[in-house]
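Please keep the view open while reading.

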Amino acid sequence: DESEDIALKPVDLKKDGFDVTLQVLPSGRGVLMEFYAAWCPACKHFQPHYDKVAEYFHGTPRPKPEVYVARVDCATEGALCTLYNIGHYPTLKFGRPADFEVSKGGKLEDYSGVRAEKEIIEWVGKLQSTAYDFDPNREAQAFQQAAPVAKKEEDAPKLPQRVDLNDIESSTILSFRYIVEMGDGLSGLEKRQALKDWLDLLSRSHPLNRCAQGAKNALDSLPKIWPPDAPGASAVALGQIKICGDGVSLKEWGSCRGSRETSRGYTCGLWLLLHSLAARSSPPETVGAFWMAAVKQFVEQFFQCSECSQHFGAMAAEEAAAAVTTKRDAVLWAWHAHNIVNKRVADEEFKDHSGDPFFPKVQWPPPELCPLCRAPSVTAGATAGKASTEAEPEWNEDEVYRFMVRYYGDAGEKAEAASVAYFGGRKGLSSKVDKARRHGYTIAKVGGIALVALAVYVLARSAGSGRKGASIL
Ligand SMILES: Cc1cc2nc3c(=O)[nH]c(=O)nc-3n(C[C@H](O)[C@H](O)[C@H](O)COP(=O)(O)OP(=O)(O)OC[C@H]3O[C@@H](n4cnc5c(N)ncnc54)[C@H](O)[C@@H]3O)c2cc1C
């Protein structure tokens, strides 16, 4: 029964997050908005029809991401409904995201036809200059045949409240497997250094003890498996290493599970791993440079999506990345870089309809997860020198940092305090890492430069292209 499939339904918007949600949509996307009231009987009658409209545009197997279907409950969101002059319920309005900025002169189209899905879809089609041939029987059949993974209410995506450790483990195992599978490609000093630093980072900051221990074992045996003067690694010996311990195998994806077999998965888990490593690193004053150098090398040398690695490499080569010194720098840099990727991928997915309709790319964290992270009026100091683009909400970075540490850092098994003080007690840092760290120190003395560089970066990199992560597996 499709009506159980809540993920396909209209998106519920509240005042908190309304503007941001529309701002991060691609500017050419059409937005169909229902203003209703939960108590209103006419609205209740209309609801199944409006759900069908949402299914038609959001749903599998033929999602039409050019239209975003949402709604506002005027019973609780009175201010929004006043802003849009809603005189009766349900009211349907349509426009581009910018048209919803009525205070800036935005104008919306009003629907005055029959309250039935076919007519509404045709009306939207006229406004979009697209002939949508809605056939209720065919759509119903298509939904059944497509049998999306998330079908029942209990399977529908929910916003996880903290990072999914199983997904982190699976992506750790996969990332190591992909390294081993490079075979003869696993040669040269740069790759050896990248592998050494990556294992080092995992051993210190991985949220699961068994993966941290597996990485430590691999690191200790590296001189035998890949002596510094040998041209390459012994793939056979590397392949025998169990990075997360014996008997641990890949699990089904949890929070990284897509609505289709081919979407999400590994790249999603890899992001979770990178964020967790940043949020669990120590000591906080200096570890950022190590995280940055190790992650940069890992992505350049071992992340086999060439465009992803290229884009990431370009971001990591910017001044803002060189300024990463502390744990806070690393956590915020990773968060910000990920949001830049989210924006780029959202634009791509909009163009080629390739996204997972259940998981549209958003500027993260959404207000539902962290209401304080988005500041309607941020204090001057918090965003000094930071550019604000249309796609980038105003952030309160202190709150974002707190949230990131809670979401990614506190979920692990190993308490942060127990992790070895990296730069305090141990020698043997790679020259690259050492260099990055020294550089980080230098830059850190010049207060504020990091934020300015970040602003320049945002402006310079607001456009680009890349391959979909989903196709990497
Ligand atoms: C290093 C790297 C670079 C990539 N570069 C590209 C590229 O150039 N082009 C391309 O098409 N694909 C790229 N990808 C893949 C792409 O980013 C997604 O991983 C993929 O599209 C799957 O998306 P998803 O919906 O699972 O969410 P993902 O973007 O993978 O995010 C996974 C989870 O992380 C959380 N999250 C989202 N945003 C943030 C944030 N800002 N900070 C912290 N947590 C967040 C959310 O819980 C989300 O579900 C890259 C992946 C990685 C790991």
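1. In what follows, buried means under 20% relative accessible area, exposed means over 50%, and partly exposed lies in between (1.4 Å probe, protein chains only). This is a predicted model, in which local features need pLDDT of at least 70 and side-chain atom pairs count only at pLDDT 80 or more, while totals for chains, interfaces and linings use all residues. Residues are numbered from 1 along each chain as its sequence is written, and side-chain values use heavy atoms, with hydrogens and water left out.

2. A salt bridge here is a side-chain nitrogen of Lys or Arg within 4 Å of a carboxyl oxygen of Asp or Glu, and by this rule there are 13 salt bridges. Helices (H or I, at least four residues) and strands (E, at least two) are DSSP runs, numbered from the N terminus.

3. E169 is buried at 1% relative accessibility, whereas R210 is partly exposed at 39%.

4. In helix 11 (residues 287–302), E300 and K296 sit four residues apart, about one turn of the helix, and they form a salt bridge whose closest N and O atoms are 3.4 Å apart. E300 is partly exposed, with a relative accessible area of 35%, and K296 is also partly exposed, at 26%.
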